[in-house]
Amino acid sequence: MKRWRTKREHQIYSSKLFQALCRSRRTSSSTSAKELHQTADRVLAITAKGTTRWSRAILAAPLTAGTNMKKHKKAKVTVHTRLRKPVVNREKKKLPVVERKLKALRRLVPGCRKLSCNNLLEETSDYIAALEMQVRAMTAITEFRARGEAQAPTDRLGSIGNM
Amino acid sequence: MSSQRSTSSNKITDDELNALILRLQTLLPQLDQSRHGRVSAAKVLNEICSYIRRLQKEVDGLSGRLSQCLDSMDLTGFDAEI
């Protein structure tokens, strides 16, 4: 978890993301925000080097252009209906709340829907740290681009790339 | 409140849960223990979920801005900045 805070990790992620964006720009004329987000997530997962479940899940997921088509193995609706039944015992109300929150958390962190509570919380802390780094890195790149717009591009080293 | 010592993966003892919740609490800047003392597990989990959603939304916004920048700008010279 601590590794996401290091400058080195930040640099590795930034340069990998940059390379991935260059590559995608060569293949298609424009990148949608969704595709870019997907690329950023995949690079983040690669940077994790397969040590966490969420990163493996991101890399295993198919690339989607539009809406996500998920295969439902069992009807989820029945489970929710059962939970909605009013609970008579007041004491029992406490436990379902925590379990409900854990369930919501499971849906947010990739690949953790059936994970035990222990491992889920481990994955969550790593995922949050990684997301924070992702935000820092992407903010830096975006601000760099914004600065670049103010200056003339010819100031830069090397030749301007082909359009 | 009964604490269950079960080997089932979904059940967790109260002590274990509290220990893990405390760890998660340190991740959340707004729920720093020194200011708020003990916070309920449900509240911590709530904040965790909101925080993750917020981070994902932020990445979404950044992706949008970056994709607009990419379309108009050239990408040389970035390595010098890193």
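You're looking at a predicted model, where local features need pLDDT of at least 70, side-chain atom pairs count only at pLDDT 80 or more, and totals for chains, interfaces and linings use all residues. Residues are numbered from 1 along each chain as its sequence is written, chains are lettered from A in the order in which they are written, and side-chain values use heavy atoms, with hydrogens and water left out.

**Stop one: the helix pair.** Select residues 7-27 of chain A, helix α1, and then residues 33-47, helix α2. (Helices here are DSSP runs of H or I, at least four residues, numbered from the N terminus.) Their axes, lines fitted to C-alpha atoms over the stretch in contact, come within 9 Å and cross at roughly 135 degrees.

**Stop two: where they touch.** Show side chains on α1(A), including Ile12(A), Leu17(A) and Leu21(A), and on α2(A), including Leu36(A), Val43(A) and Leu44(A); these belong to the contact between the helices (heavy atoms within 4.5 Å).

**Stop three: along α2(A).** Its buried residues include Leu36(A), His37(A), Gln38(A) and Thr47(A) (buried is under 20% relative accessible area, 1.4 Å probe, protein chains only). Just after α2(A), click Lys49(A), which takes a positive phi of about 60 degrees.

**Last stop: chain B.** Pick Ser67(B) in helix α3, residues 41-72 of chain B. Ser67(B) counts as buried because its relative accessibility is 6%. Leaving aside neighbours within four places in sequence, Ser67(B) contacts Thr31(A), Ser32(A), Ala33(A) and Leu36(A).

Technical notes:
Axes are lines fitted to C-alpha atoms, for helices over the stretch in contact, and angles run from 0 to 180 degrees between N-to-C directions. Helices (H or I, at least four residues) and strands (E, at least two) are DSSP runs, numbered from the N terminus. Buried means under 20% relative accessible area, exposed over 50%, partly exposed in between (1.4 Å probe, protein chains only).
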